[in-house]
Amino acid sequence: TATSQTLAPGPCAATGPAEDPGEPLVGGAGDTSSATSTSFTPTSAGTWCFSAVYGGDSNYLGSDDNTVTADLDPDECVLILSAPSVTASTVSSASVTLSPSGAITDSVAVTGNAVGGAPTGSVAFYACQAGTSPTLTPGPCAATGTPEDAGAELRATGAASAGATSSPFTPTALGTWCFSAVYGGDDNYLGSDDNTVTADLDPDECVLVTTAPTSVSSATSASTVLLGKGASFIDTATVTGNAVAGTPAGTVVFSLCGPLGADALCTSGGTAEGVPTLAGSGSAAAAAHSDVVAPTTPGIYCFSATFVPGAGSNYTPAADNLTGVPDKRACVAVYTPFTIVSSSKAVGTVGKTFGFTVTAAGVPAASVTKKGALPKGLKFLNYRNGQASVSGIPKKAGTFPLTWTATFGRGSAKHVATQSFTLTILG
């Protein structure tokens, strides 16, 4: 007769199908008889009332109880209280890094019973930092303040269960972060919660937020340097983090290897070239540069740059040109003046576009000439700026020996460099 949680007696009209259409009377003491209905299970919370209708017999007219307001019988009514519900929830990941990709969600399951059916309504999710240590330390998240998600709607997942998922949440500091979930209840169920107090601690509601990865990129101040007075170069390293963890802090250890024969990693045997402190160069990046290097011997010199996080840093260490594939940007080619520095060989294929640049290092810029025949389809062009090129589409396979001559300046200041060059054209 009513859905509130207060007894509200009312009549039960004798219309429609009866709950129990015909129980036999059993004689009792004196002039009384009685009957008991079959069991009835209410299907929702609130006030439920019975009515009883006696059809009469050869000696008595029929009668009834609680069928109309004038015959209201409070003893025919019972208050059905809302049933308890159970809320259990689990975060989407047990561990994430402190970064935009570290967003997590909380999924909740609210369970009722077969009679009350699947719970309805919504769930409020809260998120709290429960600890700052690098070890998971689960704790409760009190349902106070502003919820992370104020009202995620429940959707039925079974005959007596429903679920909801919070909006994504991105932790803003290292340590343990925990969710709690609060179900507000509905007409059939009381509210329930998970991980709001220590007595209800749920480790599945907690996630460990760890230091984020960084990337280190470095670049030398020049890719080529000519030996001589004032010849020098440095390496600048940029350490990039992310917008959530902020600007990386700490130092960069620079090492220099060389002279070498080719671009290479600098993993051991290097010379220390400074341990500067990073300076912010943006909301999520910082930079530092090495000591100035003044080379005295020609060859290739390669840096490695290793980021060492400061105390309490949000980031893990990282390096450039220490492992993996050599980073050409971290290397400098130091040349003796008046030399041809490009490769002494090249390979092309018949019928495919080919291009090669001859490069001579020195001041003033050289004029480069060629000696030897090129295969048909290729042409030589002297730019008179220290470079020349061979380009085109070769039409003949074979090996073609050539000689480059680079002439720097004139008269008594003239310098000449030559290089034997082998061009291979594949069929």
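Analyst: In this predicted model, a search of the whole structure finds 10 aromatic pairs. One of them joins F40 and W48, whose ring centres lie 5.5 Å apart with the planes at 55°, so this pair is tilted. F40 is partly exposed, with a relative accessible area of 30%, and W48 also counts as partly exposed, at 25% relative accessibility.

A further pair is formed by F338 and F408, with ring centres 5.2 Å apart and planes at 65°; because that angle is over 60 degrees, the pair is edge-to-face. This pair links distant parts of the chain, 70 residues apart, since F338 lies in the loop between β26 (331-335) and β27 (339-340), while F408 belongs to strand β33 (residues 398-408). Their accessibility can be set side by side: F338 is partly exposed, with a relative accessible area of 24%, whereas F408 is buried, at 0%.

The strand that carries F408, β33, is part of an open sheet of four strands, which has mixed pairing and the order β28-β34-β33-β30. Its edge strands are β28 (345-349) and β30 (367-371), each of which pairs on one side only, and the twist averages 25° from one strand to the next. Between β28 and β34 (residues 415-426), which run parallel, there are five bridges, and T349 stands opposite L426 in β34.

Finally, F356, F380, W404 and F421 form one aromatic cluster.

Methods:
Residues are numbered from 1 along each chain as its sequence is written. This is a predicted model: local features need pLDDT of at least 70, side-chain atom pairs count only at pLDDT 80 or more; totals for chains, interfaces and linings use all residues. Side-chain values use heavy atoms; hydrogens and water are left out. Two strands pair if DSSP finds at least two bridges between them. Helices (H or I, at least four residues) and strands (E, at least two) are DSSP runs, numbered from the N terminus. Axes are lines fitted to C-alpha atoms, for helices over the stretch in contact, and angles run from 0 to 180 degrees between N-to-C directions. Rings of Phe, Tyr and Trp (its six-membered ring) pair if their centres lie within 6.5 Å; planes under 30 degrees apart count as stacked, over 60 as edge-to-face and the rest as tilted. Buried means under 20% relative accessible area, exposed over 50%, partly exposed in between (1.4 Å probe, protein chains only).
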